[in-house]
Amino acid sequence: MVGDRMRPRFHVTAPRHWLNDPNGLCQHGGRWHLHYQHNPHAAQWGAIHWGHVSSADLVHWRDEPIAFGPTLPWEAGGCFSGCIAVDDDGLATAYYTGASAAGQVQCRATSRDLLHWHKDAVPLIATPPPGVPAHDFRDPFVLRHDGWQYLLVGASRGGEAGQVLLYRSRDGLHWDYRHPLFEAPDATLGAVWECPNLLPLGDRWLLIVSQWPNLGVLGFIGRFENERFVAERQQQIDGDGSAFAHLAMTAADGRVLQWAWIDEQREAQQVLAAGWAGALSVPRELWLDARQRLCSRPADALAALRQRAVVPEPVAGPSQRQRFSGRHLDITARWTLHALADAGFTLLTSPDGRETTRIVYRAQARRLVIERARSALDAGTRRQDQQAVLVLERGEPLELRVLLDGSVLEVFANGRVTLASRIYPQLADSVHAEAFADGPADLSLQVWEMGDIFDPPREP
Ligand code: FRU
């Protein structure tokens with residue numbers, strides 16, 4: 001829709017209609033390729049194809065033709081999530097789930113140019129191992145390790161607890177089931193684990209699973225040995241189910257990059273009327289800090305989208321406040337708090353204050369909270385708070401990086417806590433923002449107006 005204020009500028013969306021999980025991340029032919037779960041017919045989930053965008057620099061993206069969609073009987077219900085592996089000869093192999101009324105199977109397709117795909121005539125893995133329900137068997141992820149190709153599949157143990165199944169192969173065609181790579185102790189961590197991915201990170205391994213049905217995402221840091229994953233740490237990513245289906249890749253230069261799906265949070269009727277649904281997070285770079293905590297930040301290349309520095313104005317008064325405005329912003333702030341005090345931002349505030357969203361570090365509670373009770377006058381949008389635990393060490397400043405992009409919000413706190421959100425203010429002048437601290441603090445603040453990642457822009 002032309003002039004749609006909710007539409008992001010620097011987050012990938014489908015050109016129109018529906019998007020969910022990121023899929024098939026790879027580098028090929030000198031470009032980055034990002035695929036996504038896509039319904040090309042409507043802004044609602046269904047008829048799932050693999051949409052495709054590519055980029056030379058990780059910053060500017062172009063739409064590519066849809067990679068593939070359901071054509072075979074065992075994928076009549078959609079070509080579900082998966083990955084792409086590229087061999088030394090440039091041959092790309094997509095592993096994905098075929099879904100149908102009969103159940104879920106793992107499939108394969110190959111391509112030399114990422115435009116024309118050739119699907120195998122039969123599913124690669126046609127039935128799950130005993131005890132795994134036929135409809136809880138999806139999202140293959142392939143990696144090479146110790147001379148083997150390994151394939152992970154997200155699954156459920158008897159429909160009750162999430163698990164990740166491990167297969168191995170020498171030739172990529174014949175896969176032997178080994179055993180669960182890693183499993184949830186019980187249903188509290190999710191009945192099904194979706195979209196597993198496993199990568200080396202620092203001197204450890206990172207295993208990520210998306211939890212169904214409570215819609216959280218867990219990152220486990222640990223070891224991958226004797227074909228099992230041994231967890232040492234566990235971390236919630238994007239607390240409160242604010243983003244989902246996180247998928248990471250190891251880039252040719254060794255960086256680990258991750259994307260996630262940021263879902264709509266308004267009524268289905270409004271989404272259909274908007275004509276588009278779902279955004280991907282910006283590329284996030286992952287690392288482990290000295291205490292082996294999982295950390296992430298927007299990929300450095302994103303700085304190329306900073307079009308103009310916005311100069312914040314100090315607000316007169318006893319507390320530290322600085323004012324600015326905008327709807328597509330990259331904000332970096334650092335507070336040195338001299339006493340236990342809340343600090344953060346108000347964003348997308350209307351001049352009369354009827355609409356406002358607050359991102360606040362509640363010092364006493366040690367929580368980072370996105371307060372949405374007054375985000376939108378419209379009752380059809382979700383307005384509950386979202387929060388994550390953020391424990392600052394003694395003397396550690398509060399560091400927030402906020403990416404605001406139309407209705408999409410991503411918050412990175414001190415490298416180690418992420419929250420994503422959707423906010424849909426109705427008033428055209430809900431563009432005002434303020435950085436604040438409710439106590440003595442030194443604040444350093446930089447704000448940039450961000451440009452468009454699509455060339456040419458999809459929206460005027
Ligand atoms: C996660 C998920 C995956 C599945 C896909 C279908 O959001 O449910 O498990 O492959 O979406 O679109």
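**Ligand site and backbone features of the predicted model**

The residues of the shell around the ligand divide into four nonpolar, three polar and four charged, where Ala, Val, Leu, Ile, Met, Phe, Trp, Tyr, Cys and Pro count as nonpolar, Asp, Glu, Lys and Arg as charged, and the others, Gly among them, as polar. The structure is a predicted model, in which local features need pLDDT of at least 70 and side-chain atom pairs count only at pLDDT 80 or more, while totals for chains, interfaces and linings use all residues. Residues are numbered from 1 along each chain as its sequence is written, and side-chain values use heavy atoms, with hydrogens and water left out.

The ligand is surrounded by Asn-20, Asp-21, Gln-37, Trp-45, Phe-80, Ser-81, Arg-138, Asp-139, Glu-194, Phe-244 and Trp-261, a residue being near a molecule if one of its heavy atoms lies within 4 Å of it. Polar contacts (pairs of N or O atoms within 3.5 Å) include one between a polar side-chain atom of Trp-45 and a ligand oxygen at 3.0 Å, and one between a polar backbone atom of Ser-81 and an oxygen of the ligand at 3.1 Å. For Asp-139, a polar side-chain atom lies 2.5 Å from an oxygen atom of the ligand. Taken alone, the ligand exposes 320 Å², of which the protein buries 91% (Shrake-Rupley method, 1.4 Å probe). Strand E1 (17-28), strand E5 (78-86) and strand E9 (137-145) are the elements that give two or more residues to this shell, strands being DSSP runs of at least two residues, numbered from the N terminus.

Within the shell, the side chains of Glu-194 and Arg-138 meet in a salt bridge (2.6 Å, N to O), defined as a side-chain nitrogen of Lys or Arg within 4 Å of a carboxyl oxygen of Asp or Glu. Because Glu-194 lies in strand E13 (residues 192-201) and Arg-138 in strand E9, the pair ties together parts that are 56 residues apart in sequence. The structure holds 34 salt bridges.

Most residues other than glycine have a negative phi, and most peptide bonds are trans. The peptide bond from Trp-212 to Pro-213 is cis, with omega near 10°, and Pro-213 is found in the loop between strand E14 (204-212) and strand E15 (216-225).

Terms used: A polar contact is a pair of N or O atoms within 3.5 Å; within protein, one must be able to donate a hydrogen and the other to accept it, and residues adjacent in sequence count only if both atoms are side-chain atoms. Helices (H or I, at least four residues) and strands (E, at least two) are DSSP runs, numbered from the N terminus.
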